[in-house]
Every structure is written in C-alpha cells, then in structure tokens.
Amino acid sequence: MSGTGRFSGACSPEVRSVVAGIEWPAIGSDAAAHLQALLFQMERSQWLPPEQLRARQLGQMKHLLRHARDTVPHYAAFLRGLDVDGLDWAAFGTLPLLSRKALQGGFESLKSGAPLPGHGAVVEGQSSGSTGMPVRFLQTAVTQLFWNALTLREHLWQERDFSGKLAAIRIKVQEGLWPDWGLPAAALFRTGPGATLNVRTDVEKQLDWLVREDPDYLITHASNLQALAELSLRRGIRLPRLRQARTYSEALRPDLRETVRAAWGVDVADGYSCEEAGCIALQCPRHEHYHVQSENLLVEILDEGGRPCGPGETGRVVLTPLHNFAMPLIRYELGDYAEVGAPCDCGRGLPVISRIHGRRRNMIVLPDGKRHWPSLPSALWLSVAAIRQFRVVQTTPDSLEVTYVMDRPLTDPEQKKLDAALAERMGHAFGVVWNRVDAIERSPNAKFEDFVSLLPVAG
C-alpha cells in the first residue's frame, strides 16, 4: 500500500450524490462539501515541513487567544497584558497549564461569553470519567466537523475499502444491522453495510456474533479486542473476511498486535483521542507509531519540570484545541503520558508519538518511590495457567491484589510462579493477594485497565 491516502482502481471510494439522476461525478450535500473541503486541505497540509505546520498553528492560536482574552473570564486576567500579535512559541510556553481539576471546577468561568457566529450550535459534553474525575465541556458544530474530517482521514490513510462491511463493538450502541457505516463515512461516501453490538455483551457472545456477521473491518476498545483475539485462539476460530481491526479509547497492551495477528492474520490500526479535544493522533499508515493531528490541535509533551521532551523521552500530554471558541482549553493537561518519536520516514511533517502510556495511575510505585509502567502480556499468565482475564491493583506501597478469571483456582505452585514473574516485571517482590472471580466487569465508561495503582498521586 502506498499509505498516501490516494486511491485508485477498485479501492477508490464512491462519493455519495444527493442530486437525483446524478451519479457521476457525484454532487454531495452541503455537509459533505465541508468535509471534502477540509480533506482537500489536509491532504496537502500533512506533507508540510514541521516549521510550516508550526507557523500555521501559531497563526490560528493567535485568533483563539484573542477570543479567550476578550470573552472568557478564566483567561481574562493573565492574557490581558499578553502581546498576542507578537506571540512566539517561547512566550506561549510560559502560559499556565489548565488541569483537569481546574476544568472540572471552573466550567462556568471557562465558557466564552460571546460564541462566534458561523461555528454552529454549542453543545455540552462530559468526559467518560476514566480518571475518576469526569469533566464537562462545550463543543460546537465546527469542532465536530474537524473530528468527522479526521475520522475520514484515518479511513483514507488506512486505505479501507468502503464497500466492505464494518462491525462496531462499542459503548452506547445496541445490537443492530445498518445499510451503511453511519456518520461520517456515509455522509461522503457510498459504503457497505454496518453492524453494531454493545461492548458489555459477554465476550463469548461477541465472538459468536462476529462469526455470524463476518465483517471486513472491526472497531472496538483495545482491551475488548484483546479478549476477542485470545478467545478466538482458544476456540480455534478465524474471521476469514476480516482485513483490519481498529482500536480506540484505551492504551494498547504491548502484545495486542501480535495476538491479533496470531488469531486472525490482520493488523491493528489505533487512534488516540479524548472527548474534550477530539482526535489527537492517528497511527501512521506505514508504521505503528502515531502522527499528531496538527490541523486540529497543538500537542505538547512536557517533562516534570515543564520542559518539552525530545525523541525517546516520555512526558505529560498537554493539549490546545485550535478551533473550540465556545470553551477554549489552552494548555490543557490531559492526564496521559506519551513518548515523543523521531520524524517519520513516510514524509509527513506531522509530529510523531511513538507510544501512549496512559495515566499516571497506571504506573507501579516501588517502595523507593520510583515509578514505571508495568508490562503484563498475556504470555506471562498463560505460561503458568489458563487465566482468561486479569486485573492487578496496587493497594499499598508493598502489596498487590490480583483478580483473575479461570475455570479453577490457582494451585500454590502456580501462585508462586506468578508471584516470581510479577516481581520480575514490577521490579519488586510485592506481597500478592489472589482473588478468583467469574468475570471482571468493565467500568461505567466501558474502559478496562489491567493495572491500576491506588496510591496517592504526588506532584
């Protein structure tokens, strides 16, 4: 595959026409025209050199900062004396960060008193609260338009065949069959059918449903994909028509891609987004790392001292959406950690994130105070016993609680082997309490974390 987003021959998507009797060249709706206009521009902007992308971002940032200074109470004080016209990146980097806690408690003061005309309806949203700190925010038709356009960019980058069947196992849907893929793909292109299933459905039933639906593409939570692929391997089930799996919402386990290849012989395409800011980064068509969606937002990855991280370094993810004038989020600290990547050889000037680690609470805290993200692949457990699902929780500085799903309890020798394996992975011989259960339920937002530390977050 070329990975350029350009199609030819049988894979070329057919634009959906809304004018009777006109099929080719198709005439789209007004909404489709907006999407096409953005895609046309972004097809070119992705290839700009990094310095030109940064210059375009800075120009858009100045419009946002003027609006925030003049209409948003939270920003009025510290932006009043800022020379927005003469702003450079060094000056921007001195602006204070906006924490999740500040967003959570400052909803009213962060609202613009004068939403701009042309941005469409202002709607209120709420994050899933996976941090235990759900936040409210405002979005507009314009911010949704960018999210839709970037969703289409991801389809085009991955060169998906829109005539195929798409299966979606996710939250906020019910089981159903649909004539197309739904928005935004069906707003612009003719697509094949779609099928949906709620992610809370038992995984055995999910797999049976997938076999019946026999899709070309599957989208679901990363942890749910892991469970489906592992179950397929145990049951010897293949999905013969599947071409690719797509994940979102959660950080990928290190072994997920190989598990999916072993189960179904296909690759995984991952996306990184959040409800407050929309699409953050998309997987490169040629590699497993991610490209920041610079047309949508500025991403800073900062160390604990607030300095920008370089390639190979991990830091805090800080976002500034460039088009949300209803509730500007300037230097918003999302709560995630990510690793900066080197420039990509695909030729795109879009910045690279090599790995998304997740939240600070997903770091193990060692007795000496050091932290790291533990790697807990399925092979660690399956090399000892037929554990189908697990969750590890750090309850005290020196102890872990492991909840696991298995047909029988672990034997004492098996527990000892796993105790030793966890000690090697964690970097310390923690005391482990083992609890067998019939099932591990997902959180209210349907996300699943295989490791969480309950220790207070310092700093």
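User: Which residues form a nonpolar patch on the surface, and what makes them a patch?

Analyst: The patch consists of Val18, Val19, Ile22 and Ile27, with about 300 Å² of accessible area together. Patches take residues with over 30% relative accessible area and no salt bridge, nonpolar side chains (Val, Leu, Ile, Met, Phe, Trp, Tyr) being joined within 5 Å and like charges within 9 Å. A salt bridge is a side-chain nitrogen of Lys or Arg within 4 Å of a carboxyl oxygen of Asp or Glu. Areas come from the Shrake-Rupley method with a 1.4 Å probe, and for residues only the protein chains shown count as cover. The model is predicted: local features need pLDDT of at least 70, side-chain atom pairs count only at pLDDT 80 or more, and totals for chains, interfaces and linings use all residues. Residues are numbered from 1 along each chain as its sequence is written, and side-chain values use heavy atoms, without hydrogens and water.

User: Why does isoleucine 27 count as partly exposed?

Analyst: Its relative accessibility is 42%; buried means under 20%, exposed over 50%, and partly exposed in between (1.4 Å probe, protein chains only). Isoleucine 27 therefore counts as partly exposed.

User: Why is glutamine 46 called buried?

Analyst: Glutamine 46 has a relative accessible area of 1%, so it is classed as buried.

User: What joins the side chains of glutamine 46 and arginine 348?

Analyst: A polar contact of 2.7 Å joins them. The term requires a pair of N or O atoms within 3.5 Å; within protein, one must be able to donate a hydrogen and the other to accept it, and residues adjacent in sequence count only if both atoms are side-chain atoms.
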